[in-house]
Amino acid sequence: MGPSDRHDRLRRWQAASLLAAAPIASLSATDAAAAAPLQSPPGQQRIAPAALVERLHQRVLSGQSATATLEHWCAEHGLAEQARVRAVRVHGQDKPAPADVLQALGAKPGTELRYRRVQLVCGSRVLSEADNWYLPGHLSPAMNQVLDSTDEPFGRVVGPLGFQRQTLADQTFWPPRGEGDHGVILEVRALLRDRQQQPFSYVIESYLVQVLP
């Protein structure tokens, strides 16, 4: 074999070596890209459930109506196609008002007091349950008629009173208190006062785990 033949074989071997190395380099780049963690857009990063509970907590405390607060929350987090909160009456579970409720309402012996238990629902989700003791004498006859005969949310019905909401106690729970869809993540006790600052409603609200997206 002459020098010319050896030179040709050397060139062919070098060329073959380069071709063989090329796929290896390509695979290494692909593997490196696949191994890199995918970064979510800043506005779409997952929020920890405990942080969402606290966010809801602050919204409820700063709002004047649980119904309105939950409707905004439902729309913001896409909990239902139509973000409208409706009340579902729970019948047959009347509760006598505890002493602290009577005292907060200033209800004297003989004062008429009514009880209403409802679930606030958005789409198919039960967002909260509420026990509500109220003084019908502070409401208009039309308001009382609606509350007695329909499932309309209390806050929406008494809205014309221009009421203010006074939080008496509040507590968050994470993990939820209770099991399954009825686990409670937030409990709020509040007093509603009319324009003359007269209390007319005492409510205990239990916000359920289904309120989380």
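A search of the whole structure, a predicted model, finds 1 cavity of 30 Å³ or more; a cavity is a set of points on a 1 Å grid over the protein atoms alone where a 1.4 Å probe fits but cannot get out. Residues are numbered from 1 along each chain as its sequence is written.

Select Ala-66, Phe-154, Gly-155, Val-203 and Glu-205, which lie nearest the cavity centre among 18 lining residues (an atom within 4 Å of a point). Helix 3, strand 2, strand 3, helix 6 (154–157) and strand 6 each give two or more residues to this lining; helices (H or I, at least four residues) and strands (E, at least two) are DSSP runs, numbered from the N terminus.

Next, select Tyr-207. Its contacts (heavy atoms within 4.5 Å) include Leu-56, Ala-66, Leu-70, Arg-165 and Ile-185, not counting residues up to four places away in sequence.

Tyr-207 is also among the members touching the most others in the largest nonpolar core, of 24 residues. Such a core joins buried Ala, Val, Leu, Ile, Met, Phe, Trp, Tyr and Cys residues through side-chain atoms within 4.5 Å, buried meaning under 20% relative accessible area (1.4 Å probe, protein chains only). Apart from it lies another core of 11 residues, including Leu-139 and Phe-163.

Finally, select Arg-46, Ile-47, Leu-52, His-77 and Pro-213, nearest the centre of the largest pocket (an open set with protein on both sides within 12 Å along at least five of seven lines). Its volume is about 210 Å³, and helix 2 gives the most to its lining, with 3 residues.

Technical notes
Predicted model: local features only at pLDDT ≥ 70, side-chain atom pairs only at ≥ 80, totals over all residues. Heavy atoms only, no water. Buried < 20%, exposed > 50% of the residue type's maximum accessible area, 1.4 Å probe, protein only. Points joined across faces, edges and corners; volume = space filled by probe spheres on them.
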